[in-house]
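User: I have a chain open here and want to get my bearings. Can you walk me through it?

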Amino acid sequence: MFTACTIAGSDSSGGAGIQADIKTMTTNGVFATSAITALTAQNTLGVTDIFNATPEFLGHELDAIFTDIFPDAVKIGMVSKQELIETIANKLKQYSANHIVVDPVMVATSGARLIDEAAIDALKTNLLPLALVCTPNIPEAELLANMSIQNEADMEKAAKIIESTYGCACLCKGGHQINDANDVLVENGQIHWFYGKRIDNPNTHGTGCTLSSAIASNLAKGYNLETAVKRAKDYLSKALAAMLDLGQGQGPMNHMFDLQGEFAQ
């Protein structure tokens, strides 16, 4: 049994955060462990409150994971405080963690900043250099590459800048009116495009969490990065295509679309 750890916040509605990560990892064939960076009170309509873990407690969570069920891959999601980011980075270095996927959750699809400047600086300085790959959306890639992205050529340029600046491969995710669902991976200076068809489903809560967790799951199983991304995108597309419709706002996708068997009946 391969293992993967998610380091992220809890989503009480179950569509994103560690809940989405654990579902994704489970359905992608790895055993999931988790270190919770924050509790959130949220649903499909939005976030109403956040309660952050202390750096000390987060450190204890990570110690518990790495000293017992050592993960074959690590996915890191939203971490809103500089001190928490520094704690994660220190623990990853202490335990020589492998196959680190960073979903740099900094800017919402709406364009709103989700973390402050100190946390962004800590992410750039401490966390990204440890990653195998980061998975920014367009606004996040603009922030990391310090440039505007208007087309697919800009996506390639930004991903190259991010790789050369922070020392990790970059999967720049499309959308945001630039293309249907096409993402570009820059790894060791090489460009790989992944083409997808936009699925007409408004319920996309947790897509970034899901994609990065699926990538980590496939890395844990031994796939190379290009294959891990391809398999992750295929999984995400099918989870969206299942057309789950829950809640009054932007709802979750069906992570369990392929779950069959005696106990699912």
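User: How many helices and strands are in the chain?
Analyst: The chain has eight helices and nine strands. Both are DSSP runs numbered from the N terminus: helices are H or I with at least four residues, strands are E with at least two. This is a predicted model, where local features need pLDDT of at least 70 and side-chain atom pairs count only at pLDDT 80 or more, while totals for chains, interfaces and linings use all residues. Residues are numbered from 1 along each chain as its sequence is written, and side-chain values use heavy atoms, with hydrogens and water left out.

User: What share of the residues is buried?
Analyst: Buried residues are 51% of the 265 in the chain. Buried means under 20% relative accessible area, exposed over 50%, and partly exposed in between (1.4 Å probe, protein chains only).

User: Now helix 8. Which of its residues are buried?
Analyst: They are Leu225, Ala228, Val229, Ala232, Lys233, Tyr235, Leu236, Ala239 and Leu240. Seen down the helix axis, they fall within an arc of 165°, so they line one face of helix 8. The arc is that of the directions from the axis to the C-beta atoms.

User: What covers them?
Analyst: The cover includes helix 1 (17–27), strand 6 (133–134), strand 7 (169–172), strand 8 (183–187), strand 9 (190–194) and helix 7 (207–220). Contact means heavy atoms within 4.5 Å.

User: And what comes just after helix 8?
Analyst: Met243, which takes a positive phi of about 60°.
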